[in-house]
Amino acid sequence: VLLYPYTYLKEMKKTYCLLLLFCCTILHLSAQLDTNKLNKYFTALDNNNKAMSSVCLYQKGLYTYDRAIGFADVSSKKKSNVYTQYRIGSISKMFTAVIILQLIEEKMLGLQTTLDVFFPTLKNSHKITIEQLLNHRSGIANFTKEESFRTYMETAKSDSELIHIFEKLPSDFDPDSKYNYSNTGYVLLSMIIEKVTKSSYGMQLMRRICFKAKLADTRVGIKINTSSNEAQSYAYENKEWVKTTETDMSIPHGAGNIVSTAKDLCLFIEALFQGKLISEPTLQKMKTMKDGYGYGMVIMPFDGKQFYGHTGGIDNFQSMLGYNPMDSTAFCILGNGLNFEINDMAIALLNAVYNYPFEIPTFEKKLLSVAALQSIEGIYENASIQMKITLFTQNKKLWAQASGQSAFELEKVSNLEYKNDAAGIKLILNKEKDNSIRILTIKQGGHELKFEK
């Protein structure tokens, strides 16, 4: 099973969500990776405007697969390559957590050091510890979810200006009483790194991680420069890639300000688990989950195996990094434009690694018969959430419309399954014994809801 805990999918815009499940039988690590089939898979995504991304597999100290598809810059038709740098969003939190843990090993900080040592004006600062910031258990509200965030996200802010914003944030709960994902905490951790070391976060990133792990294309981001092999982010709208917002990198700090490549990120996570960055006892603490989150790390299960890593998103960049210490396998996906589930891409990569079957998507439009359409049409309701879904036909195509929302077209996958890739929606019809359709299941963002006709 691959459970994709996409920590803050559009990290600067959307909330934490869970993506998806896939089951298969347990097999051994494949000795021969089918790179030809993987190439066909990613070529299909590229040819159908489903993804602009870079992917990498790193096994037992060797790169076994890397591939880039799509454009780094659509306007100039500049193609991405495996050295194109992407904003990695919340994967940055892994780097920040590692630097904090290094400082703790050097006795320059403690897990129980309280926030008031550095920022006494913040609510509950005398109660909030470094460990609680690492675990997202501080109670400090997530500033990127505030309505005001969009008004300044593209404008440079100084540390003092950000602290002034944080001073006005509410406390969502008493420190350590529960978990709630908060970019605010990791911005504060990166500021603490600067206060303790008396140097910039970027300098500490280079000295403490990039040099040790031999990362050539990883650094703190600044304004995107596509002529320097950096990718711009895009959304797929009206059958074309449209450039999206560009968050100023002074805003996310160590919560999401790093740019890197898929190759570098595989090297980073390998170095982390091979003891090149922190000690084994400290790594064990980092891996220990509390309400599903360690120190800047989550678990992504796949077929009985545990991949440790993180996911991320900033503007329309999406990212996913995982490592299985049992067989020294790392995978990474970085996207600057996705019209396809990144989780499905990860499943394809890992199926190839473990020699499981996976399909190459065709994206062929399948036509529906009039009789089939008429049996599906109707109003379906979920009483518990007081929501209705209306299925109707238009020009021999099936459309869906939820209560108070715009209608969208559905593409046929099979007689009982339909989808809309742009919305990330899958619709499963349940056929009764008399061949009638009374129940449908909607799957989106890791959630599953049943509706009755």
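**View 1. A salt bridge joins Lys290 and Asp176.** The side chains of these two residues meet at an N to O distance of 3.5 Å; a salt bridge is here a side-chain nitrogen of Lys or Arg within 4 Å of a carboxyl oxygen of Asp or Glu. Because Lys290 lies in the loop between helix 9 (280–287) and strand 10 (298–302), and Asp176 in the loop between helix 5 (159–167) and helix 6 (183–197), the pair ties together parts that are 114 residues apart in sequence. Helices (H or I, at least four residues) and strands (E, at least two) are DSSP runs, numbered from the N terminus. Lys290 is partly exposed at 38% relative accessibility, and Asp176 is partly exposed at 32%. Buried denotes under 20% relative accessible area, exposed over 50%, and partly exposed the range in between (1.4 Å probe, protein chains only).

The model is predicted: local features need pLDDT of at least 70 and side-chain atom pairs count only at pLDDT 80 or more, while totals for chains, interfaces and linings use all residues. Residues are numbered from 1 along each chain as its sequence is written, and side-chain values use heavy atoms, with hydrogens and water left out.

**View 2. Asp66 forms a salt bridge with Lys263.** The closest N and O atoms are 2.8 Å apart. Asp66 belongs to strand 2 (residues 62–69) and Lys263 to helix 8 (residues 262–273), so the contact ties together parts that are 197 residues apart in sequence. Asp66 is partly exposed, with a relative accessible area of 29%, whereas Lys263 is buried at 11%.

**View 3. Arg208 and Glu106 meet in a salt bridge.** The N to O distance is 2.8 Å. Arg208 is buried at 3% relative accessibility, and Glu106 is partly exposed at 41%.

**View 4. Four residues are linked in a network of salt bridges.** The members are Arg87, Lys223, Glu246 and Asp315. The count of salt bridges comes to 13.

**View 5. Glu381, Glu432, Asp434 and Glu452 form a negative surface patch.** Patches consist of residues with over 30% relative accessible area and no salt bridge, like charges being joined within 9 Å and nonpolar side chains (Val, Leu, Ile, Met, Phe, Trp, Tyr) within 5 Å. Glu432 lies in the loop between strand 20 (425–431) and strand 21 (437–444) and is partly exposed at 34% relative accessibility.

**View 6. Strands 14, 15 and 16 pair through two hairpins.** Two strands pair if DSSP finds at least two bridges between them. Strand 14 (residues 378–382) and strand 15 (residues 387–394) run antiparallel and are joined by five bridges; Tyr380 has Ile389 as its bridge partner. Four residues separate these strands, and Gln386 in the turn has a positive phi of about 50°. Strand 15 also runs antiparallel to strand 16 (residues 397–402), with six bridges, and Gln394 stands opposite Lys397. Two residues lie between strands 15 and 16, where Asn395 in the turn has a positive phi of about 55°.

**View 7. Three strands form an open antiparallel sheet in the order 5-9-6.** Strand 5 (86–87) and strand 6 (219–220) stand at the edges, each with a single partner strand, so one side of each is left without a neighbour in the sheet. Two bridges join strand 6 to strand 9 (residues 258–260), and Val220 stands opposite Ile258.

Notes:
Accessible areas come from the Shrake-Rupley method with a 1.4 Å probe; for residues, only the protein chains shown count as cover. Lys and Arg count as positive and Asp and Glu as negative; His and the chain ends are not counted. The place of a charge is taken as NZ of Lys, CZ of Arg, CG of Asp or CD of Glu.
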